[in-house]
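Welcome! Have a look at the structure below, and then we can walk through a few of its features together.

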Amino acid sequence: MGRVLELENVHKAYKLGFIPKKKPVLKGVSFHVNEGEIFGYLGPNGAGKTTTIKCILNLIFPDAGRITIFGEDSLRPRARQKVGFLPENPYFYDYLTGREFLAFYADLLGIHGQAREDKIGYFLKLVGMERAADLQLRKYSRGMLQRIGLAQALLNDPALVILDEPMGGLDPIGRKEFRDIIVNLKKEGKTVFLSSHILQDIEMICDRVAIILAGEIINQGYLGDLISEKVLFTEVIIGGVPAAEFDHLGESVSTSGDRVLLKVYEEEKIDQVLSLVQQKKGKIISLIPRTETLEDIFVNMVKSQ
Amino acid sequence: MKITTIALNTFKEAKRDRVLYLLFFFVAVSLLFSRFLALLTVGDRVKIIKDVGLASISLFGMLMAILMGTGLVYKEIDKKTIFTLLAKPIHRAEFLLGKFLGLVLTIFIMTVLMAAVFMLILFLHTFSVDWKILLAILYIFFELCLMTAVALLFSTFTTPILASLYSLAFYLIGHLSWSLEMLIKKVKSGAGRAALRVLYTVLPDLENFNFKTEVVHNLPLPGKLLGTSFVYGVVYTAFLLLLAMLVFRRRDFV
């Protein structure tokens, strides 16, 4: 599997204030993205996610370090030939209609004539924006801008798609549609680099992740390696038995009507809970073992830093 | 091709910008005003109309170049539209040139429209066409191209307000620097004269593009003068664009 994107020890500091003072934003960021995977770039707000992406795309010049895209130095415009990019909170020329907007980018990418019209039609349909195609972008909602922005990012049939917080501003249906589109991109053999602070998105679709905190990568690897299969606790919802009966077996989190939500930490105590319920003529409504989530790992890492 | 696409988009933006139509409207009003002034003047009415007409084309063109030119790059950065644009395989120099040519195209079309209105008004007064007027307007256009490059240069590193002020200062200096040339002739040769000559070379001389007096008063227009003025315009504009590219080349878009 080839490396599509590689960052080696990238440093960047911004000069801030009237008397400029350097504030380091990236402190030696290194990671790589393999061909054909969905790579999640995770971090809280202000950790340096967008700065990293801007460095990759040459919108910002790193102070030190090296970035290669398809083996080519990122400083060369040619390196971006096969890259599609959707920025966070996309801003576009609001005086253009959706169709004109895509036509403009197609022209820039050297797609003309009938091929251009075909592509515009195809991508408008893909992102569900056919009906708003002839409306000026200033009349678009945030979610609509996100969709047309994704179409723009895919116009050149990129081998690497970089998405900065792509699900922000989308409603639940929009998020699902976006997830499906991203998974489909992978199926088509494209590589997706996805930054987000919404862990659920990343957990559901990413193959590998890198976690950035205060400008440093604190962990990276396959999602399966990062998240252990170990059961942290089991959530049992019980009906018809008072919560007080389970005090010695687990932690009762909430009660609603005659239902009790119980957190059981030791595996051997689950059998005891089940037999107690049977004995008291109650019923088990659900029993869900909870394994570690990306969120747990993330929260622990942030706390330990 | 990329430059053309960006240029045409810049033109489209200007076309959909209502300020443009407002300026055109003002030019029409000012041309009518010249007619009114002529009514109050004793002497050659046509000369007054020509004078005021050419001056207003120059003034409104300059306002357009400065007001739109200073926002040209700043707006792209401020509205973050530049992110998706420069993420495509485009050189920053191509982006700048595209923006410059887009505004030059806009100004060219506006100048043609203003000239058409002006020539019509003049024709209604004289029932003849003075083609020399077009030559004066052509050189006004060259000056506007240079001013667009000035505005673009300032727009690459500062806010539109400051860029407008700097461009205006450039314009004023450009129209007053000819007096330095007069001074050079009067100063005795030596260090002072050399310093003045250096200063005059560095500072712009926008009077090189001013053929209004010659045209209005029907004075001769030597071909050599027209030629050097043209070359001066091309070289100075290219120099400013090159400077803008250098500033823009390593700029971070935070």
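Is Asn9(A) buried, partly exposed or exposed? Asn9(A) counts as partly exposed, because 13 C-beta neighbours lie inside 10 Å (buried means 20 or more other C-beta atoms within 10 Å, exposed 12 or fewer, and partly exposed in between, with C-beta atoms placed from the backbone). Asn9(A) sits in strand S1 (residues 3–16) of chain A, and has a positive phi of about 50° although it is not a glycine.

Ala214(A), also not a glycine, has a positive phi of about 45°. Ala214(A) lies in the loop between strands S9 (208–213) and S10 (216–222) of chain A. Helices (H or I, at least four residues) and strands (E, at least two) are DSSP runs, numbered from the N terminus.

## About the model

This is a predicted model, where local features need pLDDT of at least 70 and side-chain atom pairs count only at pLDDT 80 or more, while totals for chains, interfaces and linings use all residues. Residues are numbered from 1 along each chain as its sequence is written, with chains lettered from A and ligands numbered from 1 in the order in which they are written.

## Where the chains meet

In chain B, 21 residues are in contact with 23 residues of chain A (contact means C-beta atoms, placed from the backbone, within 7 Å). Helix H1 (2–15) and helix H4 (81–86) of chain B each supply at least two residues of the side of chain B that touches chain A.

Conventions. Two residues are in contact if their C-beta atoms, placed from the backbone, lie within 7 Å.
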